[in-house]
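Please consult the sequence and structure shown below.

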Amino acid sequence: MDENSRLAARLAEKEGKPLVAGKYGLRGGLDNGDETDIISLKNYMNAQYFGEIGMGTPPQKFTVIFDSGSSNLWVPSSKCYFSVGIKSRGLLIGFVLACRFLAFSIRDIRKSADIHYGTGSISGFFSQDHVTVGDLVVKDQIFIEATREPSITFLVAKFDGILGLGFKEISVGDAVPVWYNMVNQGLVKEPVFSFWFNRHADEGEGGEIIFGGVDSKHFKGKHTYVPVTQKGYWQFNMGDVYIGNQSTGFCSGGCAAIADSGTSLVAGPTTIIAEINQKIGASGVVSQECKAVVVQYGQQILDMLLSETQPAKICSQIGLCTFDGTHGVGGGIESVVNDDRDLSAGLQSDAMCTSCEMAVVWMQNQLKQNETQDRILNYINELCERLPSPMGESSVDCASLGSMPSVSFTIGGKSFELTPEQYILKVGEGAEAQCISGFTALDVPPPRGPLWILGDVFMGAYHTVFDYGNLRVGFAEAA
């Protein structure tokens, strides 16, 4: 089960009341005149945002996630027998698409859709009919009727399907995305859509997505725009990440980032997430490999950094990694390939390599701050204890929010700060309240990575504009 599903399950245990699907509504205050379409979103505990669309002729209502991190439209098929949808991305997957046994009167193309992922696969087929999104009717939209997902899955999500708003380059079956058809059929005045997420789950409207413009009521100042660097996801270049006023160093040379409305948290490299967890007191998994690297090789790594050994080659020189020119590779990989009996040794060696590479980055950053060697080694050991659970969230003490640092992202030369109140998800009230870190680990190797996924935690703090016409993404303080 993916991060969003586990988080939703945890929240559902605390929240017993049923949710009514969001209704459409048009209102004033838009920057682009009347030719815009506003969809009201429902907010489920700051972990899921969803709204209604109509499918088929006559239209039937479905609740969907409007997902900028995928490109297909998925809904349950009338022919489904146990249907669960997985997010079409290859990054964070596992969204629920519950079987509803609704009948369509649609044109059935009968081209099968069978997509495999690391955690399961979706089976279904392509169909075509009109799709109603607010006041807009998108004609002859190709979508997927999901019929089956055989893996053990999680059925607590509050939505039926997913409406992808990514680029066609990642569309399964080369299906033209709904957004493309909105533009091509002249349904919107401007080729722009924008998101506002209300992070106060118990106060009024949950949020809104606007097709064709932006709503000036929901942001302050001007948007900072950055160009899309790779079509597929809404991907752009991002600079350094700061914890408080201190640079983490890992992205000082630049990282890639994705603005993703379909992901609940902010996902980033384990190296930085561990530092954030240490600073905010999050409880993660104790990594024995990481602590072993510090004990056995910590001083050697420090000495090599002080002697100005090229940092990228340190782990290979001390024998923990096999360096391939761009990134460390676990020394045990070759034995894993050649001899299945050595699998455990290979995995352990790979973990030691990863731990070494993280330690090098951490130590580099501490040396720049003129810390003593003893303090550096103690600090690195603490970071090992704060390594996040693989595929899991980290808990924090709700009483400590006032002492936690801010976390800032450099985008377009500007700093975008998240305060503890913005990056911590609080579940429940009083003595039973639980607080969850809004950061989770995701390691994507070069050349595509290091990669950040700026999900709802970030987009809740910053109103986001997806400018398809100019291939850029814009962020402004949400209001």
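Which residue's side chain meets that of R375 in a salt bridge? The partner is E371, with a distance of 3.6 Å from N to O. The model discussed here is predicted.

**Salt bridges**
- The structure contains five salt bridges, including the R375–E371 pair.
- In that pair, R375 is exposed at a relative accessible area of 54%, whereas E371 is partly exposed at 24%.
- E169 forms a salt bridge with K231, their closest N and O atoms being 3.8 Å apart.
- This pair links distant parts of the chain, 62 residues apart: E169 lies in the loop between β8 and α2, and K231 in the loop between β11 and β12.
- E169 is partly exposed at 49%, and K231 is partly exposed at 39%.
- E477 forms a salt bridge with K220, with 3.7 Å between the closest N and O atoms.
- Here strand β27 contributes E477 and strand β11 contributes K220, 257 residues apart.

**Open sheet**
- Five strands, in the order β12-β15-β25-β16-β24, form an open sheet with mixed pairing.
- β12 and β24 each have a single partner strand, so one side of each is left without a neighbour in the sheet.
- Neighbouring strands are turned by 25 degrees against each other on average, direction ignored.
- β16 and β24 run parallel and are joined by three bridges; G268 has A441 of β24 as its bridge partner.
- Helix α3 packs on the sheet, touching β16, β24 and β25, and its direction makes about 140 degrees with that of β24.

**Helix α8**
- D374 is located in helix α8 and counts as exposed at 57% relative accessibility.
- The C-alpha atoms of D374 and Q299 are separated by 9.3 Å, although these residues are 75 residues apart along the chain.

Note on methods. Residues numbered from 1 in each chain as written. Predicted model: local features only at pLDDT ≥ 70, side-chain atom pairs only at ≥ 80, totals over all residues. Heavy atoms only, no water. Pairing = 2+ DSSP bridges. Helix = DSSP H or I, 4+ residues; strand = E, 2+ residues; numbered from the N terminus. Axes fitted to C-alpha atoms, helices over the stretch in contact; angles between N-to-C directions. Contact = heavy atoms within 4.5 Å. Buried < 20%, exposed > 50% of the residue type's maximum accessible area, 1.4 Å probe, protein only. Salt bridge = Lys/Arg side-chain N within 4 Å of Asp/Glu carboxyl O.
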